[in-house]
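Hi,

Here is the structure I said I would pass on.

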Amino acid sequence: MDFKDPVHKKVIGIIFVVFSAFWLIGFAFYDQLMDFILDMAMREDDFDPNVLWIFDIISSIVWGIALLFFVPRLIIGIGLIGEKKWANIPGLIYGVISLLNFPFGTLLGIYSIIVFTAKRREEEDY
């Protein structure tokens, strides 16, 4: 199998876009769910409004993770689908980072490393 074929990079790009969109939608759902839960809790008489800052910090951390990992991976995925050269190195970096996300991210990371480090057939002869 020729891993230097551009189809493999497009497959990785599609997976990056789908996974990133899935996680961003999940984070948006989580944020709306927490707003609903806090709104319901504030209606209770014994609710202490001094604890709201904890939920603000948690929400900020969640969206910080989303902006740090999933938005760039979405952009890189779009670049890989469009066969842009600039997306190759960041695609490899995010492939290595994906190794931590067991089990699907590990498979994606291994596949990304194989694809982005593959040598052309001509280079293998020397």
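His-8 is buried, because its relative accessible area is 11% (buried means under 20%, exposed over 50% and partly exposed in between, with a 1.4 Å probe and protein chains only). Before you read on: this is a predicted model, where local features need pLDDT of at least 70, side-chain atom pairs count only at pLDDT 80 or more, and totals for chains, interfaces and linings use all residues. Residues are numbered from 1 along each chain as its sequence is written, and side-chain values use heavy atoms, with hydrogens and water left out.

His-8 sits in helix α1 (helices are DSSP runs of H or I, at least four residues, numbered from the N terminus). Setting aside neighbours within four places in sequence, His-8 is in contact with Met-1, Asp-2, Phe-3, Tyr-111 and Val-115 (contact means heavy atoms within 4.5 Å).

Now for α4, which covers residues 104-116. Its buried residues include Leu-108, Ser-112, Val-115 and Phe-116, and α1 (6-42), α2 (52-81) and α3 (88-98) are among what covers the buried residues of α4.

How do α1 and α4 cross? Their axes (lines fitted to C-alpha atoms over the stretch in contact, with angles from 0 to 180 degrees between N-to-C directions) come within 10 Å and cross at roughly 150°. That makes α1 roughly antiparallel to α4 (the term applies to angles over 145 degrees). Where they meet, residues from α1 including His-8, Ile-12 and Phe-19 face a set from α4 that includes Tyr-111 and Val-115.

Cheers

Conventions. Helices (H or I, at least four residues) and strands (E, at least two) are DSSP runs, numbered from the N terminus. The expected span of a helix is 1.5 Å times one less than its number of residues. Angles under 35 degrees count as roughly parallel, over 145 as roughly antiparallel, 65 to 115 as roughly perpendicular and the rest as oblique.
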